[in-house]
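Trainee: I would like to learn how to read a sheet and its surroundings. Can you take me through one?
Mentor: Gladly. Here is the model.

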Amino acid sequence: MSEHVYKVVEIVGSSPKGIEDAISNAVEKAGKSLRELRWFEVVETRGHIEGSKVGHYQVKLKVAFTLE
């Protein structure tokens, strides 16, 4: 296996459907402006409450991409 060097950035994704959708939304959007995405780590989970119900879910992710 060759050696890799990664840059790590934090992003936040959200979704009214659930945590997995929030993750997918964040990774998909990041992939439109960052090349060579390799992995992600969920570092925080939270949500927004509307009228005593869950309005949407938020996740803070660390995403890493390889440096060219």
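This is a predicted model: local features need pLDDT of at least 70, side-chain atom pairs count only at pLDDT 80 or more; totals for chains, interfaces and linings use all residues.

Trainee: Is T66 buried or exposed?

Mentor: Buried means under 20% relative accessible area. T66 has 12%, so it is buried.

Trainee: Which residues does T66 touch, beyond those up to four places away in sequence?

Mentor: H4, V5, Y6, E36 and R38.

Trainee: How do strands pair in a sheet?

Mentor: Strands pair through backbone hydrogen bonds, either parallel or antiparallel. Here three strands form an open sheet, in the order β1-β3-β2, with antiparallel pairing. The edge strands are β1 and β2 (37-50), and each pairs on one side only. Ignoring direction, neighbouring strands are turned by 15° against each other on average.

Trainee: How many bridges join β2 to β3?

Mentor: Twelve, and the two strands run antiparallel. For a position to look at, take L37: it stands opposite F65 in β3.

Trainee: What packs on the sheet?

Mentor: Helix α1, residues 19-33. Helix α1 touches β1, β2 and β3, and its direction makes about 130° with that of β1.

Trainee: Which residues make the nonpolar surface patch?

Mentor: Y6, V8 and W39 make this patch of about 250 Å². V8 belongs to strand β1, residues 6-15. V8 has a relative accessible area of 37%, so it is partly exposed.

Note on methods:
Residues are numbered from 1 along each chain as its sequence is written. Side-chain values use heavy atoms; hydrogens and water are left out. Buried means under 20% relative accessible area, exposed over 50%, partly exposed in between (1.4 Å probe, protein chains only). Contact means heavy atoms within 4.5 Å. Patches are made of residues with over 30% relative accessible area and no salt bridge: like charges are joined within 9 Å, nonpolar side chains (Val, Leu, Ile, Met, Phe, Trp, Tyr) within 5 Å. Accessible areas come from the Shrake-Rupley method with a 1.4 Å probe; for residues, only the protein chains shown count as cover. A salt bridge is a side-chain nitrogen of Lys or Arg within 4 Å of a carboxyl oxygen of Asp or Glu. Helices (H or I, at least four residues) and strands (E, at least two) are DSSP runs, numbered from the N terminus. Two strands pair if DSSP finds at least two bridges between them. Axes are lines fitted to C-alpha atoms, for helices over the stretch in contact, and angles run from 0 to 180 degrees between N-to-C directions.
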